[in-house]
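Work through the exercises below with the sequence and the 3D structure open. Try each task before reading its solution.

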Amino acid sequence: MKSMELELQCPVCKDIVKQPIVLPCLHSVCLMCASEVLVQSGYPQPELPPEPNSPASTPNMRSPRQMRRPLPKSDRVDRLLRSGSGTYPGRRRKEGPAPLMLFPCAPCGRDVELGERGLAECMRNLTLERIVERYRHTVSLGSVAVMCQFCKPPQALEATKGCSDCRASFCNECFKLYHPWGTPRAQHEHVQPTLNFRPKVLTCPEHDQERLQFYCKSCQMLLCSLCKLRRVHTGHKIAPVTQAYQSLKDKITKELNYILSNQDMVLTQITQLENAVTQTEVNNVSAKEQLSHCVKEIMALLTERQTMLAQALESSRQRRAEALANQVAEKRSLLEHAGLMAFTHELLKENDPSSFVHAARLTHNRLAQSIESMQRFSLSADPSFRHFQLDVSRELKLLTDLNFIQAPLAPVIDTQRTLAYDQLFLCWRLPQDSSPAWHFSVEFRRRGVVPGGGARGGIHGGLAAARWGWQRLEEVTGTCAVIDRLEMDSVYVLRVRGCNKAGFGEYSEEVYLHTPPAPVLNFYLDSRWGLHADRLVVSKEQRCARSVPGLSLLQAADRALTSCHLTADLLVGDVAITQGRHYWACSVEPGSYLVKVGVGLESKLQEWFHLPQDMASPRYDPDSGHDSGAEDSSDSPPPFAFLTMGMGKIYLPSSANSHHGRESGFTNGNSPSSPTGVTYPLPPRLGVCLDFEKGRVTFYDAHSLRPLWEGPVDCSAPVCPAFCFIGGGALQLQELVANRNANQTPVRRVTIQSRVTKLN
């Protein structure tokens, strides 16, 4: 039972709670401790009830005649606090609301809002008081005898009974005296003698004497019959308190039985924790030894470096001292009585010209050099050692920043470069203040499946989760990864974390990528039908095309007042689709004038190409049906299906049942909306999905895989991807992820199996 004292302690005074109240965070504290904490926080002193054994709270020294008068009503804590704990009596109704009281809850580690009424809104924890009282009797805590509150000292006797209605303890004689037979007092409830009398039931802190008979499941709070009628609880799930009592009691009973039936698991975990504590101490000693070893290595290296630099300094000193000493000796030889001067005087005494000339040339040279040295005097060595100063600022900064290695911070995923196409391409980067990472771990799973085989779908849900749980790419050395073998038309959740000597860091924020709805079709722009070289330019890789209005528009400048003379240039893919579902994506330059992207019958596209269209106005529809024969049958699907983009907008027709030429959007393409369609901002990439068997084509925002428009197309013959340029513009096909990363080093692919998977 001693271990239960931790559950009964007040988090403020660290003693067994007295008159506990329940905070909004569900923690219990002593009433006096809560009041002291609020006063220390700068709030006004609340009015607290008197101590249970004080004269103000006991009917001591009263006569039986006085006791026949009705006693004051119960001094409930929550009722007495109502007058002075944040209610601010006398505040006018029109004034602003009183400031909310914040209580610093130690177990939570945060401030808890008490509301305007402060502690008055916190009800007493009667259950905890009863547990404390039973615990005291069990372990004989506070075994001081309870004295009768009606005996006159010093003859006061030990109390033998307590009255919950009178809220006092009596000896046998006083109890008979104050509870005479045949009076209503004789019906009072007898309890064990105590100094702390509690109310029988909880009542509403706002509505006096109203019992709390309901429980709001939405707000998770007890309500009285009046609180239930408030507008704030409209639409909430409210149940009788007896039902909430039984439900919560059953849950606690089940939880208790589960813990008691798994004591072996608890003991095993305790053993693991104890081993972890022991291992922590061992690892701490090892880490300290490693730290000492590293510091010793640094000190040894510094000592070695100091010796080497000192030797270099001494060698330089010796060279300079030797050079200066030689210069001093040379200058000393020029003194009047020095050897050179004396020898010169003796040389000048020679009178034989030939002998003098033969012997004096060397002396002449030495004297000339000495004179030149005197005129251009300088030190043969620099006496300063300014070149031998150490700059240790960088080293000092490194030593100042010397710290234990930290795991990498959570990577930041580059959503602009990350995409899902034929494969999934994921890019990320580390924050600037992050420690470097040796390698990364990329984890992904299919959305909608609970990792670890959760309860979604019972056993089948667990099996599905086992198949589609978290999968991992291990030891990714770069900042990008390619994930293949994914399901089509599925949403995948991805996250990344780095690893270095300190271990794995935190995960990045999860990103969601939608895979294409059909297999990706790889093709190139076809030039086999010939190109208008003066207007269309196709890149060498045949994946990018640019249209320039060029000379044709200049030649039509004389008709600019009556029409805008433009030419529609057609470009198709080098594949012909005859079956199945296929998806591809492209991007259109936002500054393009008009670009149409879609599909069409190969035969009709050839026919249109060999009959070049000369449009006198942007209102001309190149696929209006005049050249396709689609108007022969109103029910036949159109031979072409295009979406029109231009000037940073994309035009979405309003209906997919009529001929696509009449809904292609040339008429009102510049307006934000029209009766025939609506315009949206141009997406970064446009996706096209063709279902050949169903004769349907769907256009997507390739970045989010959000469908933009769907319509019919004639698939009675081979169908080709088609692109139409009207005016200047540029278009680029989406490059396959497999081609972009053909030289990337493969990474290890691992499936993370959960415990539930193993059980299944």
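**Exercise 1. Describe the sheet that contains E8, and say what packs on it.**

Solution. Step 1: strand order. The open sheet has three strands in the order E9-E8-E10, with antiparallel pairing. Strands (E, at least two residues) and helices (H or I, at least four residues) are DSSP runs, numbered from the N terminus. Two strands pair if DSSP finds at least two bridges between them.

Step 1: edges. E9 and E10 are the edge strands, each pairing on one side only.

Step 2: twist. From one strand to the next, the twist averages 40 degrees.

Step 3: the packed helix. Helix H7 (residues 241–261) packs on this sheet and touches E8, E9 and E10. The direction of H7 makes about 85 degrees with that of E10. Contact means heavy atoms within 4.5 Å. Axes are lines fitted to C-alpha atoms, for helices over the stretch in contact, and angles run from 0 to 180 degrees between N-to-C directions.

A note on the source: this is a predicted model, in which local features need pLDDT of at least 70 and side-chain atom pairs count only at pLDDT 80 or more, while totals for chains, interfaces and linings use all residues. Residues are numbered from 1 along each chain as its sequence is written, and side-chain values use heavy atoms, with hydrogens and water left out.

**Exercise 2. Find the partners of strand E8 residue by residue.**

Solution. Step 1: the E9 side. Strand E8 (residues 212–216) runs antiparallel to strand E9 (residues 221–224), and four bridges join them. Cys216 stands opposite Met221 in E9.

Step 1: the turn. E8 and E9 form a hairpin with four residues between them. Gln220, in the turn, has a positive phi of about 55 degrees.

Step 2: the E10 side. Three bridges pair E8 with strand E10 (residues 238–240), again in the antiparallel sense. Here Phe214 stands opposite Pro240.

**Exercise 3. Is Gln213 buried, partly exposed or exposed, and what is it in contact with?**

Solution. Step 1: place. Gln213 lies in strand E8.

Step 1: The classes are buried under 20%, exposed over 50% and partly exposed in between (1.4 Å probe, protein chains only).

Step 2: contacts. Neighbours within four places in sequence are left aside; Gln213 is then in contact with Leu223, Cys224, Pro240 and Val241.

Step 3: sequence against space. Thr242 is 29 residues from Gln213 in sequence, and their C-alpha atoms are 7.8 Å apart.

**Exercise 4. Describe how helix H9 packs against helix H10.**

Solution. Step 1: what to report. Two packed helices are described by the angle between their axes and the distance between the axes.

Step 1: the values. Helix H9 (residues 339–348) and helix H10 (residues 353–375) pack at about 145 degrees, and their axes are 11 Å apart.

Step 2: the residues. On H9 the contact is made by Leu340, Met341, Phe343, Thr344, Leu347 and Leu348. On H10 the residues include Phe356, Ala359, Ala360 and Arg366.

**Exercise 5. Where is Glu443, and which side chains does it make polar contacts with?**

Solution. Step 1: place. Glu443 is in strand E14 (residues 439–446).

Step 1: Glu443 is buried, because its relative accessible area is 0%.

Step 2: partners. The Glu443 side chain makes a polar contact with the side chain of Arg472 (3.1 Å) and another with that of Tyr507 (2.7 Å). A polar contact is a pair of N or O atoms within 3.5 Å; within protein, one must be able to donate a hydrogen and the other to accept it, and residues adjacent in sequence count only if both atoms are side-chain atoms.
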